Amino acid sequence: MKHMIIYAHPNPKSFNNAIKEKIISEIVKKGEEYSFISLYDEQFDPVLSGRDFEALHRGEVLPDVAKSQTMVKEADHLIFIYPIWWYGHPAILKGWIDRVFSNGFAYYEDDKGFTPYLTGKTATIFVTMGSAKDVLIQFDMDTDQFMRDMTLGTLELVGISPVKIVPYYSIPKSSEEERKTMLASIVI
C-alpha cells in the first residue's frame, strides 16, 4: 500500500508533528511506501487564482499543483494531519484542496452530471483540537458534524471512501503521559 501524508501545521514542536512522526514510523515498520507534503514547509500557495483557471483552460496544470496531483494519483490511502481551528481546517489546507482537487483531476462535472475520479482510495484524518469533547456537547455538536465538509463534502464527493476521523481533544491541556497514550493508539 502507498500512503500520501498531507501535513498542515506551522509549528515543528506541535503535537501534530508528533502524530506525523508516529505515522511515518508505523508505515516504515509495516514496510509500506509513503509520500509526504508539509504545506507550511513547502510554502504551498493556497490561493486559487486566475492563473490556475487560465492554466486549466489551456489544459495545463501549474507545477506545484501537478506535484501534489501526482502524489494523490499514486497513493492508495491519504492521511491528513492538521489542527481544528474555529471548527474547520487551516486555510492552507483548504487552499490545497481548492487547487489540487480540480475539475478534470479529482472529478468531472458537466451538464450531464458529476463524476468522481478518485475512487478506490481511502483516507484517515488525524485532527487535534484545543477544546474538550464536552465543549462540543455543550454546543450540541459532534466531531462528525463539523467534519462533514471534509469527509462528505470533499473526500467522499470525489470518490475517496471510507474516510476515518481520528480526533484528539484538549491538546493544550493534555499531559505528557496523556499524549504518549494518544500516540501509542495510532494504527495505520
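**Notebook: a look through the predicted model**

**Helix α3**

I started with α3 and listed its buried residues: Val65, Ser68, Gln69, Met71 and Val72. I then looked at where they sit around the axis: they cover an arc of only 160°, which puts them on the same side of α3. Pro63 and Lys73 are exposed on the other side of the helix. All of this is read from a predicted model, not an experimental one.

Next I asked what the buried residues of α3 pack against. I noted β1, β2 (33-38), α2 (50-57), β3 and α4.

I also checked the length of α3. Its 12 residues, at 1.5 Å a residue, should span 16 Å, and the end C-alpha atoms are 17 Å apart, which agrees.

**The largest nonpolar core**

I went to the largest nonpolar core, which has 37 residues. Which members touch the most others? I wrote down Phe80, Tyr82, Leu93, Trp96 and Phe101. At least two core residues come from each of β1 (2-7), α3 (63-74), β3 (77-83), α4 (91-100), β6 (122-128), α7 (148-156) and β7 (163-168). Helix α4 gives the largest share, 5 residues.

A background note to myself: nonpolar side chains tend to be buried together in soluble globular proteins.

Leaving out residues up to four places away in sequence, Phe101 touches Val72, Leu78, Trp96, Ala106, Tyr107, Leu118, Thr154, Leu155, Val158 and Ile160. Val72 was already in my notes as one of the buried residues of α3.

There is another core apart from the largest one. I counted 16 residues for it, including Ile27, Tyr168, Leu183 and Ile186.

**Aromatic pairs**

I looked up how many aromatic pairs the structure holds, and the count is 5. I took Phe15 and Tyr168 to begin with: their ring centres are 5.8 Å apart and their planes are at 85°, so I have this pair down as edge-to-face. Phe15 is in helix α1 and Tyr168 in strand β7, 153 residues apart, and the pair links these distant parts of the chain. Phe15 has 5% relative accessibility and counts as buried. Tyr168 also counts as buried, at 5% relative accessibility.

I then turned to Phe80 and Trp96. The centres of their rings are 6.3 Å apart and the planes are at 75°, so this pair is edge-to-face. With Phe80 in strand β3 and Trp96 in helix α4, the pair ties together parts that are 16 residues apart in sequence. Both Phe80 and Trp96 are buried.

**The loop between β1 and α1**

I moved to the loop between β1 and α1 (15-29), where His9 lies. Is His9 buried or exposed? Its relative accessibility is 13%, so I put His9 down as buried, the cut-off being under 20%. Not counting residues up to four places away in sequence, His9 touches Ser14, Asn16, Tyr40 and Pro83. I also found that the side chain of His9 reaches the backbone nitrogen of Asn11 at 3.0 Å.

Asn11 lies in this loop between β1 and α1 as well. At 35% relative accessibility, Asn11 counts as partly exposed. The side chain of Asn11 in turn reaches the backbone nitrogen of Lys13, at 2.8 Å. I checked Asn11 against Tyr40 too: the two are 29 residues apart along the chain, and their C-alpha atoms are separated by 9.0 Å.

I looked up Glu26, which is in helix α1. Glu26 has a relative accessible area of 14% and is buried. What does the side chain of Glu26 make a polar contact with? The partner is the side chain of Lys29, at 3.2 Å. Glu26 also touches Ile186 and Ile188, residues up to four places away in sequence not being counted. Ile186 is one of the residues I had noted in the 16-residue core.

Last I checked Asp134, which is in helix α5 (residues 133-138). Asp134 is exposed, with a relative accessible area of 57%. I compared its position with Arg99: the C-alpha atoms of Asp134 and Arg99 are separated by 35 Å, and the residues are 35 apart along the chain.

Technical notes. Residues are numbered from 1 along each chain as its sequence is written. This is a predicted model: local features need pLDDT of at least 70, side-chain atom pairs count only at pLDDT 80 or more; totals for chains, interfaces and linings use all residues. Side-chain values use heavy atoms; hydrogens and water are left out. A nonpolar core is a set of buried Ala, Val, Leu, Ile, Met, Phe, Trp, Tyr and Cys residues joined through side-chain atoms within 4.5 Å. Buried means under 20% relative accessible area, exposed over 50%, partly exposed in between (1.4 Å probe, protein chains only). Helices (H or I, at least four residues) and strands (E, at least two) are DSSP runs, numbered from the N terminus. Contact means heavy atoms within 4.5 Å. The expected span of a helix is 1.5 Å times one less than its number of residues. The arc is that of the directions from the helix axis to the C-beta atoms. A polar contact is a pair of N or O atoms within 3.5 Å; within protein, one must be able to donate a hydrogen and the other to accept it, and residues adjacent in sequence count only if both atoms are side-chain atoms. Rings of Phe, Tyr and Trp (its six-membered ring) pair if their centres lie within 6.5 Å; planes under 30 degrees apart count as stacked, over 60 as edge-to-face and the rest as tilted.
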